[in-house]
Amino acid sequence: MQMSAPQMGYDRAITVFSPDGRLFQVEYAREAVKRGTTAAGIKAKDGVVLLVDKRITSRLIEAESIEKIFQIDAHIGVATSGLVADARTLVDRARVEAQVNRVSFDEPIGVEVIAKKICDHKQTYTQFGGVRPYGTAVLIAGIDDNKPRLFETDPSGALLEYRATAIGAGRNSFMETFEANYSDDMDIDSAIMLGMDALYNVTEGKLDASTLEVGIITTDTKQFRKFSNEEVENYVNKELEKHKGEEPEESSGEE
């Protein structure tokens with residue numbers, strides 16, 4: 001559908017609101033996230049887990065070269081969806097903020113503090129001409145004073161804390177699974193299996209350990225780490241064993 005000349009003006013300028021109060025470039029950035037790979041975060045009573053389906057598009061691609069989960073500080077990890085280059089820039093900035101906090105205050109940065117700093121930076125790119133919003137959303141997981149925290153950032157700079165959430169193409173299907181099965185008293189192992197359940201539904205039973213990334217942080221260690229391929233494969237095998245003989249549910253995620 002062809003847009004009218006006034007409509008195109010609102011569409012092209014990041015600093016101009018449309019008459020109904022919308023910033024179209026921010027909405028387009030959200031669409032970039034919706035088309036990205038699916039990333040999920042689940043908060044358990046003893047930690048937080050991040051899972052990403054890397055969605056390998058060619059058998060010629062080395063799966064290890066695609067990175068969607070990053071460590072920001074010893075106690076903080078993030079998962080991204082959307083434009084990969086934008087995500088990498090935000091990760092680099094977050095790492096610098098974490099190190100500046102250690103040098104300035106001799107203590108690790110708070111999870112909520114780093115989340116707000118990332119969102120403040122993203123929000124500035126919705127205010128000035130000559131720039132565009134970041135086309136990426138970020139899930140931030142960490143431990144603050146023995147308390148697991150999980151935040152989701154939006155291209156607009158909005159920030160929300162979740163018990164369980166997902167971003168990217170399969171968000172709708174993931175949220176249905178989380179709404180139905182999430183429990184506040186689940187442990188980290190149960191949280192991982194809940195994520196595997198959601199992945200199983202989104203991929204229609206075609207789980208592949210080589211295309212999955214999993215990262216966890218527990219209240220015991222307070223150290224974020226990514227699973228090895230062998231650890232991911234163990235959980236994938238447990239999930240497939242659980243559904244052996246069943247027909248997988250149809251995915252309701254976006255294409």
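This report walks through a predicted model, from its confidence to its sheet, its cores and a few of its residues.

Residues are numbered from 1 along each chain as its sequence is written, and side-chain values use heavy atoms, with hydrogens and water left out. In this predicted model, local features need pLDDT of at least 70 and side-chain atom pairs count only at pLDDT 80 or more, while totals for chains, interfaces and linings use all residues.

**Confidence**

The predictor's confidence in each residue is called pLDDT and runs from 0 to 100. The protein averages 90 on this scale, and 92% of the residues score at least 70. Over residues 251–255 the pLDDT is below 50, and this stretch has 13 contacts in the model beyond near neighbours in sequence. A contact here means heavy atoms within 4.5 Å.

**The sheet**

Helices (H or I, at least four residues) and strands (E, at least two) are DSSP runs numbered from the N terminus. Two strands pair if DSSP finds at least two bridges between them. Five strands make an open sheet in the order S8-S1-S2-S9-S10, with antiparallel pairing. S8 and strand S10 (225–226) are the edge strands, each pairing on one side only. Two bridges join S9 and S10 in the antiparallel sense, and Lys226 in S10 is the bridge partner of Gly215.

**Nonpolar cores**

A nonpolar core is a set of buried Ala, Val, Leu, Ile, Met, Phe, Trp, Tyr and Cys residues joined through side-chain atoms within 4.5 Å. Buried means under 20% relative accessible area, exposed over 50%, and partly exposed in between (1.4 Å probe, protein chains only).

The largest core has 31 residues, and those with the most contacts inside it are Ile42, Val49, Phe174, Phe178, Met196 and Val214. Among the elements giving it two or more residues are strand S1 (39–44), strand S2 (47–53), helix H5 (171–181) and helix H6 (188–202). H6 gives the most, with ten residues. Leaving aside neighbours within four places in sequence, the contacts of Phe178 include Ile42, Ala166, Leu194 and Ala198. A second, separate core of 17 residues includes Ile114, Ala115, Tyr134 and Val138.

**Aromatic pairs**

Rings of Phe, Tyr and Trp (its six-membered ring) pair if their centres lie within 6.5 Å; planes under 30 degrees apart count as stacked, over 60 as edge-to-face and the rest as tilted.

| Pair | Centre to centre | Angle between planes |
|---|---|---|
| Phe24 and Tyr28 | 6.4 Å | 35 degrees |
| Tyr125 and Tyr134 | 5.1 Å | 55 degrees |

Phe24 and Tyr28 are four residues apart in helix H2 (residues 24–34), so about one helical turn separates them. Phe24 is buried, with a relative accessible area of 7%, whereas Tyr28 is partly exposed at 39%. In the other pair, Tyr125 is partly exposed at 27% relative accessibility, and Tyr134 is buried at 8%.

**Two further stops**

Residues 10–32 are listed by UniProt, in an unreviewed entry, as "domain: Proteasome alpha-type subunits". UniProt positions are given in the numbering used here, feature names are shortened, and annotations may be inferred rather than shown by experiment. The end C-alpha atoms of residues 10–32 lie 19 Å apart, and the span is 52% helix and 0% strand.

Asp144 is found in strand S5 (residues 136–144). Asp144 counts as buried because its relative accessibility is 17%. Not counting residues up to four places away in sequence, Asp144 touches Gly110, Val111, Glu112 and Arg149.
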